[in-house]
Amino acid sequence: MNKADFIAKIAEKASVSKKDADAVVQAFIDVTTDVLKNDDSIALHGFGTFKTSERAEHEGLNPRTKEKIIIPKSRVAKFSASNTLKCILND
């Protein structure tokens, strides 16, 4: 499902226009990005938690040259599904 399909489903489920649903989805993306950028987390009860994690500097391999390279440390976004969501998916 791409973003346009997602927005159409949100609009249908919430009985709102696609324009309004698009605004809400974009606001969700913007707020989530800002919160994660500030190294905070978002916990949505019954759905899951968005948070950041530090990935340590590590050694990698250049696939073209097979040369060893150092991959610098970085922050990555992670999502952890809640038990409620896990149960729904496995029902």
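## The aromatic cluster

Phe28, Phe47, Phe50 and Phe79 are linked into a cluster by ring pairs. The structure described here is a predicted model. The number of aromatic pairs in the structure is three.

One of these is formed by Phe47 and Phe79, whose ring centres are 5.3 Å apart. The planes of Phe47 and Phe79 make an angle of 50 degrees, and the pair is tilted. Phe47 sits in the loop between strand 1 and strand 2, while Phe79 belongs to strand 5, so this pair ties together parts that are 32 residues apart in sequence.

Phe79 also forms an aromatic pair with Phe50. This pair is tilted too, with 4.8 Å from centre to centre and 50 degrees between the planes. Phe50 is in strand 2 and Phe79 in strand 5, 29 residues apart, and the pair links these distant parts of the chain.

Phe47 has a relative accessibility of 38% and is partly exposed. Phe79, at 37%, is partly exposed as well. Both values fall in the class between buried and exposed, because exposed means over 50%.

## The nonpolar surface patch

Which residues make the nonpolar surface patch? They are Phe28, Ile29, Leu44, Phe47 and Phe79, and the patch has an area of about 410 Å². Phe28, Phe47 and Phe79 are also among the members of the ring cluster.

Ser82 lies in the loop that runs between strand 5 (74-81) and helix 3 (83-89). With a relative accessible area of 16%, Ser82 is buried. The reason for this label is again the cut-off of under 20%, because 16% falls below it.

Which residues does Ser82 contact, leaving aside its neighbours within four places in sequence? They are Gly46, Phe47 and Gly48. Phe47 is located in the loop between strand 1 (42-44) and strand 2 (48-55). A polar atom of the Ser82 side chain lies 3.3 Å from the backbone oxygen of Gly46.

## Summary of Phe47

Notes. Residues numbered from 1 in each chain as written. Predicted model: local features only at pLDDT ≥ 70, side-chain atom pairs only at ≥ 80, totals over all residues. Heavy atoms only, no water. Helix = DSSP H or I, 4+ residues; strand = E, 2+ residues; numbered from the N terminus. Buried < 20%, exposed > 50% of the residue type's maximum accessible area, 1.4 Å probe, protein only. Polar contact = N/O pair within 3.5 Å; in protein donor to acceptor, adjacent residues only side chain to side chain. Contact = heavy atoms within 4.5 Å. Patch = residues over 30% accessible without salt bridge, like charges linked within 9 Å, V, L, I, M, F, W, Y side chains within 5 Å. Areas by Shrake-Rupley, 256 points an atom, 1.4 Å probe, with all protein chains shown as cover. Salt bridge = Lys/Arg side-chain N within 4 Å of Asp/Glu carboxyl O. Phe/Tyr/Trp six-rings, centres within 6.5 Å; stacked < 30°, edge-to-face > 60°.
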